[in-house]
Amino acid sequence: MPAPELVVYGSEVSYFTGKLEAYLRFKEIPYERRPMTMRLFRGVVPEKTGAAQMPAVELPDGRWMTDTTPIIAWLETQHPEPAVIPEDPLQAFLSRLLEDHADEWLWRPAMHYRWSYADGRRLLGERIVRELMTDIPLPHALKVLAIRRRQRGTYVRKDGVDARTRDHVEACYTRTLDQLSGVLERRQFFLGERPTLADFGFMGPLFRHFALDPTPARIMRNRAPAVWAWVARVWNARAGRLHGPLVEGVPPDWEPILDEIGATHLEHLCANAEAWKEGRRRFDVTIQGVGYRRLPTSRYRVWCLERLRAHFAALSEPAQGAARTLLEKHACWEPLWRVEGAASGLDPQGRAPFAPGERVYPA
Ligand SMILES: N[C@@H](CCC(=O)N[C@@H](CS)C(=O)NCC(=O)O)C(=O)O
């Protein structure tokens, strides 16, 4: 075994740790995962990265990184071959959009399935306490209770999941399964015979939440076996043995995903950016006819919108034209630009993943 190049502090049940690990394994970048104990989470990690979140990555030269999106982008500059960000600029831009959707929009259904159902809550409460809270000197049962309460309170109840929205939150998951089945029944990976950024993006919600937690995993096995198989395929993928080609252009089976992004994720990003601009801490938004109330405003997600715009702006003129046509077709163009003057102020020097991190919802 080569010496680990990176230490990844995280958890074996974490959305974003799973996303990063799937990428590192494919790229065959040696790393060691260590549990993000409470001591690290509350002290060392925020001190080194600016944000109490996982994964946090320590480099041999003593630098630390936070936030999987810029971490993967930076690692691509250090390990360019084989590139996971497609060379085709249109594929690259849309892959980034899919990654952002998987990171930010599918977070709510993932947390809902984990913490709203008793079987998930029991299992994951136990696992998190055993893995990460060993350094808290409290009785085990108390820690389990505390973590369940915290997660359900913060990421379900205070994140807009209630009797009015619950069916919609679940439908977002089952529709995602149908959309991804449309892709993965045809091809091994999102764009062909090897995984690219869109695969790693979707591994966040799909791997350590939907395919692991009892209720969504049961739904996945029954409804979307091709997605179930893909999760294992990405986890098993290694660049050294996967050299297959990618498709040309944006495959038609991505179109239902783009429709979904326009109707959900981008609407949410716009309402969030508007709220941030007006200095509101919470906001209401109607998504696909369903009213979400008192969602927490996220500065981080204003930055997500800024980054998508910056990626678009960096495209050549012909690529911008092609991207615009496709975005218009799927109702993604107008919301991408709707909100003006909402500046996150994050990472003004473009130093991420080495810039001070920002949690999605501040603690
Ligand atoms: N944008 C960040 C998000 C990281 C994130 O939110 N991680 C979750 C766990 S998967 C976390 O650390 N949550 C902290 C908490 O629940 O307090 C990334 O891509 O790394």
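Let me start with Pro137, which counts as exposed because it has 6 C-beta neighbours inside 10 Å. The cut-offs, for C-beta atoms placed from the backbone, are these: a residue is buried if 20 or more other C-beta atoms lie within 10 Å of its own, exposed if 12 or fewer, and partly exposed in between. Pro137 sits in the loop between α6 (118-132) and α7 (140-155). Helices here are DSSP runs of H or I, at least four residues, and strands are runs of E, at least two, numbered from the N terminus. Val7 is 130 residues from Pro137 in sequence, and the two are 26 Å apart in space, C-alpha to C-alpha.

A word on the model. It is a predicted one, where local features need pLDDT of at least 70 and side-chain atom pairs count only at pLDDT 80 or more, while totals for chains, interfaces and linings use all residues. Residues are numbered from 1 along each chain as its sequence is written.

Now the overall picture. The protein has 16 helices and 6 strands. Its C-alpha atoms fill a box of roughly 60 × 50 × 45 Å, taken along the principal axes. The radius of gyration is 20 Å, which agrees with a compact globule, because 363 residues in such a globule would give a value near 21 Å. That radius is taken over C-alpha atoms, and the globule rule is 2.2 Å times the number of residues to the power 0.38. Of the 363 residues, 42% are buried.

Contacts next. Two residues are in contact if their C-beta atoms, placed from the backbone, lie within 7 Å. Taking contacts between residues at least 6 apart in sequence, 75% join residues at least 24 apart.

The protein is divided into domain 1 (6-78) and domain 2 (261-337), with bounds that come from an automatic or database domain assignment. Their centres, taken over C-alpha atoms, are separated by 27 Å.

What does the largest nonpolar core hold? It has 84 residues, and Tyr23, Leu206, Ala211, Val227 and Val231 touch the most other members. Helix α9 (residues 197-210) gives this core its largest share, 8 residues. Domain 1 (6-78) and domain 2 (261-337) each contribute at least three residues to this core. By nonpolar core I mean a set of buried Ala, Val, Leu, Ile, Met, Phe, Trp, Tyr and Cys residues joined through C-beta atoms within 7 Å. In general, nonpolar side chains in soluble globular proteins tend to be buried together. Leaving aside residues up to four places away in sequence, Tyr23 touches Ile72, Val84 and Phe200.

On to the ligand. Which residues are around it? They are Ser14, Tyr15, Phe16, Gln53, Met54, Asp67, Thr68, Thr69, Asp103 and Val360. A residue is near a molecule if its C-beta atom, placed from the backbone, lies within 6 Å of it. Two helices, α1 (15-27) and α3 (68-78), each supply at least two residues of this shell. By class, the shell divides into 4 nonpolar, 4 polar and 2 charged residues. Here Ala, Val, Leu, Ile, Met, Phe, Trp, Tyr, Cys and Pro count as nonpolar, Asp, Glu, Lys and Arg as charged, and the others, Gly among them, as polar.

Some backbone details. A cis peptide bond joins Glu81 and Pro82, with omega about -15°, and Pro82 is in the loop between α3 and α4 (89-105). Another cis peptide bond joins Ala352 and Pro353, with omega about 10°; Pro353 is in the segment after α16.

Where is Glu28? It is in the loop between α1 and β2 (31-35). Glu28 counts as exposed because it has 12 C-beta neighbours inside 10 Å. Asp347, also not a glycine, has a positive phi of about 45°. Asp347 lies in the segment after α16 and is partly exposed, with 19 other C-beta atoms within 10 Å.

Glu340, in the segment after α16 (333-337), is exposed, with 8 other C-beta atoms within 10 Å. Its C-alpha atom is separated by 41 Å from that of Arg33, 307 residues away along the chain. Gly244 is in the loop between α11 (225-236) and α12 (255-263), and is exposed, with 10 other C-beta atoms within 10 Å. Not counting residues up to four places away in sequence, Gly244 touches Gly192, Glu193 and Arg194.
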